[in-house]
Amino acid sequence: MAASWLSKAVFYEIYPQSFFDTNADGVGDLPGVTEKLDYVKSLGCNALWLNPCFDSPFKDAGYDVRDYKKVAPRYGTNDDMKALFAAAHKKGIRVLLDLVPGHTSEQHPWFRESGKAEENEFSHRYIWTDNAFARGDGMPFIGGEMPRNGTYIINFFKSQPALNYGYRDIHEPWQKPIDDPACLATREAMKDIMRFWLDMGCDGFRVDMADSLVKNDGNEKLATMEVWKDIAGAIHAEYPEAALVSEWNNPGQALSCGFDMDFYLDWRGNGYSVMFRDYDIPKFGEKIGKNNSYFSLGSDRDVSGFLKDFLPRYEAGKDKGLWCLISGNHDTVRVAPGLDDRERRLAFAFLYTMPGAPFLYYGDEIGMPYRWVPTKEGGYQRTGSRTPMQWDRSENMGFSAADPERLYLPVGPLEGAPTVADQEKDPGSFLNFVREIIALRQSNDDLGNYSPFRVYSAEEGSRLFAYKRGGMLVAVNPSAEELVLELDGDYEILYAIGDSRTENGRLLLGRQSFAVLKPRV
Ligand code: GLC
Ligand code: CA
């Protein structure tokens, strides 16, 4: 049984370095998150996902952990984390931390030990070949860095050596089976880290690259699933209210091995991206090209590409847990400015009426832009989605009282910039729309996280998309034309964007409109 709070969970993702700086050093911090909990709550969000905030050399923004049990000094202390958990819980907000189980920083003491020439407790905590000139059996590897006579496998950047959970398909003497004592020790080390934070009050984890643990594991990921059954099984047994969400993008697999939730990720051309951002990521300084996504007014897209990708995987996971849609994340290009205000309202109305626990990326609720800024801490093109939260029109847009030169990332020009303060004052703002649509979801169980989803109308070539959530009917028309939907019963309109009306058993959906209908009683 998954944590009971997940049925109502609506998440807010915070990139801690860019959210709110309380000590004027130019970097967001944990007390800053604590200070803004009322804001998070005002959105209707009742759970947080914090990107990694652990001690790290930050060669990949903290996804290169040097000490799993220590808050990075720039974010505060472990006591600040404890205080954040306590303050959040008082307000009914849960907190997920980011667990990076697949790799550490090359500066992690385990790795320093493991690279020594003399055999020791950590010699097999990472994947080493048996010869300094050996290759990685298809995996990227590094040699010549450490006294040990071997090369080591990396999981992502050069700074991220892969932890050793073993191999399924073994064809080299240095590849260990997943039940080798060294690989079992890696699992135990991860459980120990999870318990450490859960005991302090954390409510669970977003799990980075969760499908990457066992190597040579094929597409079925059978051995990686076995490892997760063990880790997640132990954690769930000890902490029944803890929640785990995987970066996996395969709910059939992830939700069968102990994850409560899995993410629908944004990959160029996949179902998710053809809904929101169907364009090439612009190069430095370039403008975003034509967005041919479903929600773009000028696009000719129907939802067939989305459904072809979404439906089979939704079906494979729907009885096991939640497959979660995101507004964006720290790895994706932001939705704005690829979609304008009206297009984004339709996109978010869709997002918040779909199954799964929805995730909102900080700043997307005000339409924060994707900006061209030089790469920072391994961000590269992702850096433009990681800029400081735009709170108001004071110095540094209210993010920090530091000298602008010292900011983690620069804030953009004030002119035309969306801010929380401005949008708070405007009842018709995007921010207030987001609050409204989240409230609509939270006050109608049919629109809830576990409530069933079924396609109602998705004709090929048509811009109209309608689906059932429980007994409710949701319909979207992102086009410039009025479109007509035959109804299967007597409905009334509960919520609408744009012009729509029911007439003689039909729903007339005006240009760029959205409607939620409920059966008339
Ligand atoms: C995940 C994270 C990403 C990070 C990578 C390596 O994809 O979301 O930000 O760079 O894993 O840990
Ligand atoms: Ca700070």
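In α5, the buried residues are Ala182, Cys183, Thr186, Arg187, Ala189, Met190, Lys191, Ile193, Met194, Trp197, Leu198 and Met200. Buried here means under 20% relative accessible area, while exposed means over 50% and partly exposed is in between (1.4 Å probe, protein chains only). Helices (H or I, at least four residues) and strands (E, at least two) are DSSP runs, numbered from the N terminus.

Just a heads-up: this is a predicted model, where local features need pLDDT of at least 70, side-chain atom pairs count only at pLDDT 80 or more, and totals for chains, interfaces and linings use all residues. Residues are numbered from 1 along each chain as its sequence is written, chains are lettered from A and ligands numbered from 1 in written order, and side-chain values use heavy atoms, without hydrogens or water.

## The helix's ends

## Strands side by side

Now hop over to β2 (residues 47-50), which is covered on both faces: Ala47 and Trp49 are buried on one side, Leu48 and Leu50 on the other. β2 pairs with β1 (residues 11-14) in the parallel sense over 4 bridges; strands count as paired if DSSP finds at least two bridges between them. Across from Trp49 in β2 you'll find Glu13.

β2 also runs parallel to β5 (residues 94-99), joined by 3 bridges. There, Leu48 has Val95 of β5 as its bridge partner.

Val27 is buried, at 11% relative accessible area, whereas Asn23 is partly exposed, at 48%.
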